[in-house]
Amino acid sequence: MKTINSLNVFALSLGIAFMSIGSAQADEAWQKKAGVGIYAPANQDWDAIEASARKEGQVVIYSVSSRIAKLVDGFKEKYGIDIIGYDISSDLQLEKLSREHRAGVYSVDVLFNSESSILLNEALPKKLVWNFIPDSVISDLDSGEMNPLLIQRHSSRIVYYNTAVHPDGAPIDSLWDMTRDEWKGRTLLPSPLEDSLSANFIQTILNNSDEMAAAYKREFGEDISFSEDVIEAVEENVTVDSPTASMEWLYRFLHNEPVFQGSTTKIFKNVGDVTQEKPPIGITTFSKLRKNKDGVYSSGPAYDLDPAFGVTYPTALMIADMAPHPNAAKLLIRYMMEEDGFKPWNEPGDYAARSSLETKQLAKFDLPAFGDLALWPVDPEEIYYSKFGFLALYLALMP
């Protein structure tokens, strides 16, 4: 899809794309006091940071994961500092932070966030958030996991199937199978018009059209041809140059009556319910593997799906601009990167960014290494600048 270079156009995205974040009023005095950006010290004095954090007494975090609540007692016991956690989706975190800044309200210290397209294209350049890398983890991370933001774990949206009904493997072997009649009304996912990560999943498929075209030929034995509705939708969309295999897939997929459900946990359970004779497949969060329960839920990833079985995106930690408790923020970020602080996310499907922790996960959960998985990484820039065009195309291709 064509790149759109206008933030004003992006902001028109029918309330589904995100409001353009207003420029943060960078406060140099706060930056110096917090020790961020150009004022970050060459050497981190953790005795001083911890002493200041204890005086601050608390740390406020907007978290994309409700599992942040599991850290409260351990962090309090270790440091005597309260964690005030709010379970807020990534896109709403950034909207809330932006509104608060415009109103001169500075109430949050840490963001735990997966919306890389907005973080990297708006929040970070406009200094609404600040990257902080504890020196204790530097040797255990790749450069891309430290800059431009510190990655705590790699999350994914993937395709699941019912392993009780299909013990010999997934009942589909290609993303194109989702467009077949036998799966009509039997694919579950959050609506891309309501869930930003679901939209990112579809956008990433659109961004990999060459691979989708090759997968189509492997599946059907012929080159792809385009439906008249796809050709017409492209002609009417000023952001799109020509039809692609991924657009054709999206058109056929939407006309195959997918079922949109708001809860990723509900999707996992509806797929894995062992009492079913004809279970659906579903697109949901990789880490829902932890919800499997003997005799109740039995779901597994369709690892061998052609050309990919899902989309991966980073979950990052960062300090909010004008954080009232910057030292406690640094302490919490370091803690969440450590083995004890990572425990709530030490689950199958949540891959630790730290290589030493991932090695332990692979042994514990008997999973493939993250780097060996057939997952497409999101492209934050492409997703950001093509959001409006994607939404227009999506609406045009709907039944």
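**Exercise 1.** In which loop is P148 found?

*Solution.* The structure is a predicted model in which local features need pLDDT of at least 70 and side-chain atom pairs count only at pLDDT 80 or more, whereas totals for chains, interfaces and linings use all residues. Residues are numbered from 1 along each chain as its sequence is written, and side-chain values use heavy atoms, with hydrogens and water left out. Helices (H or I, at least four residues) and strands (E, at least two) are DSSP runs numbered from the N terminus. On this basis, P148 is found in the loop between β4 (129-130) and β5 (150-162). The peptide bond joining N147 and P148 is cis, with omega about 10°.

**Exercise 2.** Locate P307 and state the geometry of the peptide bond joining D306 and P307.

*Solution.* P307 lies in the loop between β9 (299-301) and β10. The bond between D306 and P307 is cis, with an omega of about 0°.

**Exercise 3.** Classify T312 as buried or exposed, and list its contacts.

*Solution.* First, T312 is placed in strand β10, which spans residues 310-320. Second, buried means under 20% relative accessible area, exposed over 50%, and partly exposed in between (1.4 Å probe, protein chains only). T312 counts as buried because its relative accessibility is 9%. Third, contact means heavy atoms within 4.5 Å. Not counting residues up to four places away in sequence, T312 touches H154, S155, S156, F370, L375, W376, P377 and V378.

**Exercise 4.** Characterise the backbone and the accessibility of K127 and of M322.

*Solution.* K127 is found in the loop between α6 (116-123) and β4. K127 is not a glycine, yet its phi is positive, near 60°. With 38% relative accessibility, K127 counts as partly exposed. M322 lies in the loop between β10 and α12 (326-337). M322, also not a glycine, has a positive phi of about 65°. At 13% relative accessibility, M322 is buried.

**Exercise 5.** Describe the surroundings of F226.

*Solution.* The loop between α8 (209-220) and α9 (228-235) holds F226. Its relative accessible area of 31% is the reason why F226 is classed as partly exposed. Leaving aside residues up to four places away in sequence, F226 touches I231, P243, T244, A245 and E248. From C-alpha to C-alpha, F226 and P167 are 36 Å apart in space, and they are 59 residues apart in sequence.

**Exercise 6.** State where D229 lies and how accessible D229 is.

*Solution.* D229 lies in helix α9. D229 is partly exposed, with a relative accessible area of 38%.
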